[in-house]
Amino acid sequence: MNTDKEHIQHLAAICKAKGVSHAIISPGSRCAPLIIAFNQMDGIECISVIDERSAGFVALGIAQQSKQVVALICTSGSATLNYAPALAEAFYQKVPLLVLSADRPNEWIDQGENQSINQFEIYKNYIKKSYQLPVHVETEKDLWYCNRIVAEALNTCLYPDFGPVHINIPLREPLYNLEDTVVKHTKIIDFAKPVYALDTAEMKNLAEEWAGFDKILIVVGGLKERDTDLERILQKFSEQSNVVILKESISNVYGENFIDQVDANIEAIHALKSHKYVPQLVLTLGAAVVSKKLKFWLREQKDLNHWHITSSFEHWDIFQGLSKVLQHDAQSFFERMYDSIAERESTYLKDWKMLSVSAERIHSDYLDKQIFTDFKVFEFLFKNLPQGSNVHLGNSTPVRYANLLNIEEKKNLSINSNRGVSGIDGVMSTAVGASIAKPNHLCFCITGDVAALYDSNALMSAHLSPQLKLIIINNQGGNIFKIIPGPHKLTELEQFFETKHAYNFEHLANMHSCAYFTASNLEELRIKFTNFIQEANESAILEIRTNGDTSAQSLRAYFEYLKQEINLN
């Protein structure tokens with residue numbers, strides 16, 4: 001038995017044919033035909049998530065990991081609005097989501113009708129495209145029109161690059177009628193995957209320009225997973241004396257000569273007041289850069305040449321020196337460039353490697369002397385996360401602390417973070433989605449206490465996996481505001497910026513049947529962490545309690561120590 005609304009039957013069938021394997025559904029009456037049709041479609045796993053705000057991020061986590069379109073189904077009214085944060089993140093992070101929002105018929109919009117708002121193009125500033133199905137679907141031509149819209153929407157989710165798309169679906173009552181039916185053959189419109197590449201003449205011109213630079217800096221931003229083919233060609237470039245590969249914690253690339261611990265190295269450059277590290281050419285690939293220190297340093301440089309490599313069309317002038325947007329697959333671009341150039345003699349790589357070795361030694365010396373602080377906790381976590389784990393970092397302090405660490409290649413961690421919009425919302429929900437997409441991988445979410453409280457509905461799911469491990473750093477507030485310049489000097493800090501609190505997460509763990517562990521010092525953490533990762537029967541929460549004031553002071557002192565010691569070398 002299926003819904004009696006034939007165009008909704010076809011919608012579900014086209015989604016399945018186009019590779020949709022997950023639908024995240026939030027309850028409601030107006031969306032009943034959609035719920036029925038998707039649940040009756042073999043091959044699509046339907047997952048119920050009550051809170052639409054959390055549901056959007058669960059879908060984001062699944063799509064982020066699977067690289068497949070994930071459907072989001074909700075009822076009309078404010079439910080639709082609750083997807084907005086996740087869709088904004090998906091838009092800027094380039095993640096394929098398809099929102100299927102049920103709606104009242106057009107004649108009842110703006111008429112004081114229950115649970116009714118104007119939903120068409122409701123997300124227009126942060127979505128690839130919006131569509132609306134017709135209210136009347138009675139003839140074969142009506143059905144053809146609906147099917148064409150659905151196929152186009154699904155293709156738009158994937159090309160020219162991933163992103164979210166919205167289909168608004170006005171539905172008339174009755175909503176719960178069923179019929180014994182088999183979906184007829186539905187015509188599928190495929191979109192041939194394009195290859196983005198520059199022509200030979202343009203590559204020749206770029207190679208000639210490249211050959212004129214003694215100092216080339218390649219900055220690798222966020223990549224959703226490890227790409228060993230890309231790594232191999234970048235490794236070849238990293239052996240050239242005039243090229244430096246700078247990578248962030250969420251770049252998911254590793255190489256023998258790659259430079260990480262970005263903030264520490266940039267702080268050292270500031271202390272040395274040396275111009276020899278300044279590049280003549282910067283190339284960027286991947287998602288937006290996390291390190292504010294790197295961005296500010298490069299913005300200070302005059303006459304900077306910046307080439308951005310992308311399969312899309314974004315003009316990200318993040319260093320205020322953008323000169324070329326190269327619509328090209330990054331791996332093949334570097335392969336073609338490598339075959340077109342000769343190595344140029346330079347001391348650039350040698351200078352950066354000497355700087356990096358000194359910064360790493362000072363970093364290790366400093367942390368060896370530290371007491372139990374957030375910084376010490378993050379060092380412990382990244383040394384002890386199991387090999388091959390899937391890691392999702394919260395915004396604010398977690399992703400920034402990770403950027404200060406040397407993350408070992410042998411661990412083969414897959415590290416992601418919601419750095420599209422970089423909001424506090426949806427951190428744990430995204431990790432829930434990631435654990436659904438990769439059920440055979442341990443999935444760690446490392447987040448702060450305020451973000452965990454904000455997204456506590458993530459745990460209100462029947463799909464919590466024993467592979468899901470939530471690590472909550474509880475320093476009693478938003479400690480980022482004690483770290484960044486400005487707020488820590490204000491009398492409003494605790495109440496309005498830090499939002500200081502006295503909560504713990506034991507009751508939340510008990511409420512949602514999660515195993516609970518807590519640690520307040522390094523010895524406790526060593527013991528509890530082993531038990532935490534070995535918990536095999538249910539999802540687990542590890543609450544690590546630190547002192548916010550001490551942690552903020554420790555991080556500020558780290559950079560002062562680094563500047564002082566680097567000048568003594």
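The side chains of Glu560 and Lys563 form a salt bridge at 3.2 Å, N to O, the term meaning a side-chain nitrogen of Lys or Arg within 4 Å of a carboxyl oxygen of Asp or Glu. This is a predicted model, in which local features need pLDDT of at least 70, side-chain atom pairs count only at pLDDT 80 or more, and totals for chains, interfaces and linings use all residues. Residues are numbered from 1 along each chain as its sequence is written, and side-chain values use heavy atoms, with hydrogens and water left out.

- Because Glu560 and Lys563 are three residues apart in helix α21, about one helical turn separates them; helices (H or I, at least four residues) and strands (E, at least two) are DSSP runs, numbered from the N terminus.
- Shared partners join Glu267, Lys293, Glu560 and Lys563 into one network of salt bridges.
- Lys563 also meets Glu267 in a salt bridge of 3.6 Å, N to O. This pair links distant parts of the chain, with Lys563 in α21 (residues 548–568) and Glu267 in helix α9 (residues 262–272), 296 residues apart.
- Glu560 is partly exposed at 48% relative accessible area, and Lys563 is partly exposed at 25%, whereas Glu267 is buried at 10%. Buried means under 20% relative accessible area, exposed over 50%, and partly exposed in between (1.4 Å probe, protein chains only).
- Asp365 and Arg361 form another salt bridge, at 3.6 Å, N to O. Both residues lie in helix α12 (residues 348–368), four residues apart.
- The structure holds 24 salt bridges.

**Buried elements**

- Helix α5 (residues 84–93) is largely enclosed by the rest of the structure, because seven of its 10 residues are buried. Its buried residues pack against α3 (52–66), α4 (78–81), β5 (97–103) and β15 (414–417).
- Lys94, which follows α5, has a positive phi, near 65°.
- Leu246 lies in strand β10 (residues 243–247) and counts as buried at 1% relative accessibility. Beyond its neighbours within four places in sequence, Leu246 contacts (heavy atoms within 4.5 Å) residues including Leu217, Val262, Leu294 and Trp352.
- Glu379, in helix α13 (residues 374–384), is buried at 13% relative accessibility.

**Pockets and cavities**

- On a 1 Å grid over the protein atoms alone, a cavity is a set of points where a 1.4 Å probe fits but cannot get out; a pocket is an open set with protein on both sides within 12 Å along at least five of seven lines; and lining residues have an atom within 4 Å of a point.
- The largest pocket holds about 1200 Å³ of space. Its lining has 34 residues, of which Lys67, Asp161, Leu223, Ser311 and Asp329 lie nearest its centre.
- Helix α5 contributes to this lining, as do β12 (305–310) and α11 (330–338), each with at least two residues.
- There are two cavities of 30 Å³ or more, and about 80 Å³ of space lies in the largest cavity. Among the 15 residues lining the largest cavity, Lys247, Glu248, Ser249, Asp260 and Ile407 are closest to its centre.

**Surface**

- Leu490, Phe496 and Phe497 make a nonpolar surface patch of about 290 Å². Patches are made of residues with over 30% relative accessible area and no salt bridge, with nonpolar side chains (Val, Leu, Ile, Met, Phe, Trp, Tyr) joined within 5 Å and like charges within 9 Å.
- Leu490 lies in the loop between α17 (480–483) and α18 (493–497), and is partly exposed at 40% relative accessibility.

Conventions. Accessible areas come from the Shrake-Rupley method with a 1.4 Å probe; for residues, only the protein chains shown count as cover. Grid points are joined across faces, edges and corners, and a volume is the space filled by probe spheres set on the points.
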